[in-house]
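Dear colleague,

Please find the structure below, handed over for your review. My findings on one helix and on the interface between the chains follow it.

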Amino acid sequence: MTKVIIKGLTKQFGKLTAVQNLDLDVKDKEFVSLLGPSGCGKTTTLNCLSGLETPTTGDIFFDDQRINDIPSKDRGIGLVFQSYAIFTHMTTFDNLAFGLKIRGTPQLEIKREVERMAEFLDIKEVLHEKAGKLSLTNMQKTAIGRTLIIRPKVLLLDEPLSNLDAESRNVMRTELKRLQKEVEQTTIFVTHDQLEALTLSDRIAVMSAGRLQQYDTPETVYNHPENKFVANFIGSPSMNFIDCSLKLSDERAYLVNERFTLDLTSGRDRLTEFANSPELVLGIRPEHLNVTSLSDLPTQPRGSHLSGSVFMTEPLGYENIVSVQVDGLMLKATVPATSSFEVNEKVSVTFDEDHAHVFSKNGEEPAII
Amino acid sequence: MANIRLVNITKRYGSKTVLDNISLEVRDKEFFVLAGPPGAGATTILRIVAGLEVPDSGEVYIGEQLVNDLEPKDRDVAMVFENLALYPNKTGFKNIAFPLRQKKVPENEITERVNEVARLLKIDHILDRYPRTYSGGELQRLALARAIVRRPKVYLLDQPLANIDALIRANMRSELKRLVREIGQTIIYTTHDQLEAFSMGERIAILNGGMIRQVDAPSAIYERPKDKFVASFMGSPRMNFIECRCEVKNGRTILAQESFSLDVTNSRPLSTSDGGPSDLTLGIRPENISIHLDNRSDESMEATVYVVEPMGSRALLSAHLGKNLVKALIHGGSDLKPGGKVWLEFDKNKLHLFDKETLQALATRPV
């Protein structure tokens, strides 16, 4: 039973504020990702949890115990880095047994625990091989296993998949997800890869420039990003953004741009606040844009639509990405793998207002719709 | 004409054979991608075309000319490296102008050509700045500009997007692809990234262990991989492979295994009544598997949910079908719980069959 509470954490390095006034609570057995680009403060936060760094201000609690002044080794944490901290000259068995041995655990119990862990991680076949000869995924499993075996209160994972090649990373991601479900271990996972965060986490803390941008479930972060930064960072290909302005009448609300008028009357109440700062950004995910060749349309489409020309198509196998140039703007849409568009083909792009997101121009201001 | 022909090229480093008797033709003005895992030999081929490596045997032709004995500078090729190799102490303009100055091109022509290329690559507004102030994408374009300004017959791009941040890389892919089309010259491009190869190349050569496994258009490689290696290299999430037997009974062709039995008489795979192997590896891509929560047809196979990984607009389901862990790309999936039952249905027109011994794809009937 370990929950983690971070209250008002700030960490400064000279003039640089790496983490600014961060509040975060991690429930017992929860898997939380700290996600963001380099320099967002995620690793510094992890280092404050592990004791490698001391907070400038703020408190960290494991359950009810404030751990700021507790030395790293007494915090009950398990740490796994991107470089596999394993002893390559020792066997997998001895690597897994290492933490128990220093604790003076009896031999029989060590054997039982190591075998149980090896079974759990599916590395029983390589238990007596030198760890240096293992495949990359088995090395990383061994690194995780030797940390899990000492039953830490909190498991800290610092980009553990980033050194793996693409396919091993996919395999290991699935394995880590299974572990997470079975081991019920409070875990904090640092990554810059939005897909890893989406697939693995119970909740994701999205960070930028030392500040927390959103803290919620993967589904909410994806479907209801709280600001433009989060919307842009989560999802691949990224969300499309279109500058537009707000037009309010007595009853109705519209987002307009030279090319289209989007009826957002349903969100009028929230939009009225912005009557005085009418420059906004419309955001639409690539899977919510429909691209149709103009030659396939009997007449000009009605409703919200943009006309442009195909800049490039990129097949991905299971679907294609079409980039469409609309004046100076580049929109990306995902379309079925069976569709085909020619470069420079004239197309119409439509979307459903239910999938429209509206943001302030400043990336960190709250989303409007 | 700047087609490129490699004939029976072998290259060894000591006892290690990095290219094993490969032959390849790149067409004039083609965007040709060499793709494979690290160490497959793609970069070595590029360096041999550039003249930076000398093959142990075999011939290299650019156009009709045998270039084995030509110095790199006399081959009329431009190479862009993964690390870009820009001069940090020269402005953008001087970086681009450098190869022209080397050739003693008159100064007014240099200015004209540099500006023209910079406009094409949309870096004309930052030419007076130093590379350290450029973004990743701008650095990329600067390196390309320096190659383009020489107007070579052939461009060799060695993993140009490998060092770029994932978010920018996705945008750079379509930009680079479009740009390359506008340049309209012969281009050879190497990458370890199957997605880059697939989404950018006109044709792709898939390499492994110093040998060429398949040369084809991206869609042909994706839909008709010649062997199991190509099938597993191309596509992410990766193709599923399931070992099974092929039985021909009463005119029906059945693929079977402890956990399922699939009648493929009327679908794509060729029957093995022609004496083909009966031990096969069945390949099916994750996007060609649909799922149901009940056993709705003879075609669906019962599996146990292992893990569901939500990916935003889709989710990746891993499920145990007998002993095999099968991955399926699905919509939704939040109602699936580990340990729960799920029924998988394979799109029978999208099955791939491989000989279990030789790993070669078996001939399939056109759909």
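A residue is called buried here when its relative accessible area is under 20%, exposed when over 50%, and partly exposed in between, with a 1.4 Å probe and protein chains only. Helices (H or I, at least four residues) and strands (E, at least two) are DSSP runs, numbered from the N terminus.

This is a predicted model, in which local features need pLDDT of at least 70, side-chain atom pairs count only at pLDDT 80 or more, and totals for chains, interfaces and linings use all residues. Residues are numbered from 1 along each chain as its sequence is written, chains are lettered from A in the order in which they are written, and side-chain values use heavy atoms, without hydrogens and water.

In chain B, helix α4 (residues 136-148) is mostly covered, with 11 of its 13 residues buried. Among them are B:G137, B:L142, B:L144 and B:I148. The buried residues pack (contact: heavy atoms within 4.5 Å) against β6, α2, α3, β7 and α5 of chain B.

Between the chains, 31 residues of chain A are in contact with 30 residues of chain B. The buried area, meaning accessible area (1.4 Å probe) lost on putting the two parts together, summed over both, is about 2,700 Å², of which carbon and sulfur atoms give 60%. On the side of chain A, A:T174, A:F311 and A:Y318 lose the most area, together 20% of what that side buries.

There are 4 salt bridges between chain A and chain B, each a side-chain nitrogen of Lys or Arg within 4 Å of a carboxyl oxygen of Asp or Glu. One salt bridge joins A:E319 to B:R314, with the closest N and O atoms 2.7 Å apart.

Yours sincerely
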